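Please have the model open as you read.

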Amino acid sequence: MASSQRISSLDGVRGWASLVVVIYHCSLIAMPHLDGVLAAWLTQSPSKLAFAGTEAVLVFFVLSGFVVALPVLRDGFSWLRYYPTRVLRLYVPVWGSVVLATALIALLPRDPTRMPDGSWMQNAQATTVTWGTFFEEALLLPQSYDINNVLWSLRWELIFSLTLPVFVGLAVLLRRHALLAAAAACALTVLGRIVDVEALVYLPVFLLGTLMAVRLDDLLAWLQRPRSRAFWPWLTALALALMIASWLARPVAAPGTVFGRTLWGLAGVGAALVIIAAMGWPLLRSLLEGRVSQWLGRTSYSLYLVHVPVLGTLAYLWGSDRWALVAAAGIPLSLLLAAAFHRFLEAPSHRLARYAGTVASERLPLTRPSGRIRRSDA
């Protein structure tokens with residue numbers, strides 16, 4: 001795991017996190033139809049890990065903070081190459097997903113009165129699309145989305161990507177005190193949940209990943225130290241427990257209370273620890289580097305973008321009360337569609353993005369001055 005090599009286990013993390021989000025949205029379709037005791041058992045026990053979708057998105061944010069910042073720290077990095085490359089890699093698949101969702105909405109008329117009152121299917125699934133809402137969501141402008149509900153997180157990915165110089169500059173400035181900076185970022189994301197400010201919740205989570213990138217050499221050295229056999233299983237268990245702590249504590253801590261919100265804020269801390277465990281625990285790393293995990297990782301962005309239009313369409317076609325059938329058909333169909341989406345749209349968009357970045361950097365050759373930024377300062 002030299003710092004110059006790709007850390008393949010992180011691709012596996014991204015893939016499984018994406019699948020968790022898919023299962024989470026299946027659970028949102030099912031929940032209005034489940035017995036209250038069963039729903040409580042599913043959500044207030046470790047089984048919640050299988051569909052901790054909102055928490056899995058925080059894993060994406062830590063990963064983005066880490067992997068997007070790493071190239072900035074290498075010699076020859078060009079901001080002129082970065083911006084068109086990054087923006088196109090984000091936007092082109094988003095546009096494809098909005099077109100897909102709009103086509104499915106047009107092909108199958110949707111009657112929201114068929115869905116349970118107050119449900120995710122009724123409140124977060126568009127029944128009609130106007131040109132205004134189409135372009136707003138395609139450009140990632142709104143704070144909430146109902147043509148393709150998952151795009152709310154891509155808005156934060158875009159904000160982070162556009163302000164990357166601020167994140168990297170701050171992480172480099174604080175690199176000697178990276179642990180204190182990480183602790184402050186953890187405190188801020190918890191505070192963000194308490195005061196209900198989304199920017200304060202999500203942006204510090206990106207910063208956690210960026211701090212990892214700046215101190216990658218030191219992080220890898222720490223990961224490779226000899227430890228007891230119990231260390232990594234316990235750390236992984238702690239990470240996962242923090243991610244769903246607010247759910248496990250619901251019998252004694254209501255979601256709207258300060259204590260409940262504090263525990264929810266700890267999900268960002270858990271997400272960062274998941275990344276550390278994925279890099280450091282040999283057994284977990286080998287599982288995440290397996291063929292299934294790596295395939296999920298390669299198609300994770302496509303799967304993330306296409307599954308909600310598929311699940312929403314099937315739920316309106318068959319009824320949300322037939323949620324088991326929706327899940328049984330929707331999950332494999334989403335995986336197949338994601339594979340096609342990745343091959344025919346996402347992968348070509350990467351080539352287009354690289355070409356645009358090369359053209360921009362060659363016509364306006366403004367690269368970062370020579371000399372590598374040190375990720376550590378002993």
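The notes below go from the basis of the model to its aromatic residues, its surface and one asparagine.

## Basis

This is a predicted model, in which local features need pLDDT of at least 70 and side-chain atom pairs count only at pLDDT 80 or more, while totals for chains, interfaces and linings use all residues. Residues are numbered from 1 along each chain as its sequence is written, and side-chain values use heavy atoms, leaving out hydrogens and water.

## Aromatic pairs

You will find 20 aromatic pairs in the structure. Rings of Phe, Tyr and Trp (its six-membered ring) pair if their centres lie within 6.5 Å; planes under 30 degrees apart count as stacked, over 60 as edge-to-face and the rest as tilted. One of the pairs is tilted: F77 and Y82, at 6.1 Å centre to centre with 45° between the planes. Both F77 and Y82 are buried (under 20% relative accessible area, with exposed meaning over 50% and partly exposed in between; 1.4 Å probe, protein chains only).

W131 and F135 make a stacked pair, 5.8 Å centre to centre and 20° between the planes. They both belong to helix α6 (residues 131-138), four residues apart, about one turn of the helix. Helices here (H or I, at least four residues) are DSSP runs, numbered from the N terminus, as are strands (E, at least two). W131 is exposed, at 66% relative accessible area, whereas F135 is partly exposed, at 44%.

## A cluster and two charges over rings

F61, W152, W156, F160, F167, Y202 and F206 come together as one aromatic cluster. The charged end of R155 sits over the ring of W156, 5.2 Å from its centre. A charge sits over a ring if NZ of Lys or CZ of Arg is within 6 Å of the ring centre and within 35 degrees of the ring normal. R193 lies over the face of W264, 3.6 Å from the ring centre.

## The nonpolar helix α9 region

Which helix gives the most to the nonpolar patch? Helix α9 (residues 178-195) does, with four residues. V258, in helix α14 (residues 258-280), is exposed, with a relative accessible area of 57%.

## A buried asparagine

N149 is placed in the loop between α6 and α7 (151-162). Is N149 buried or exposed? It counts as buried because its relative accessibility is 14%. Its side chain makes a polar contact of 3.2 Å with that of W120 (a pair of N or O atoms within 3.5 Å; within protein, one must be able to donate a hydrogen and the other to accept it, and residues adjacent in sequence count only if both atoms are side-chain atoms). A polar atom of the N149 side chain also lies 2.9 Å from the backbone oxygen of Y145.
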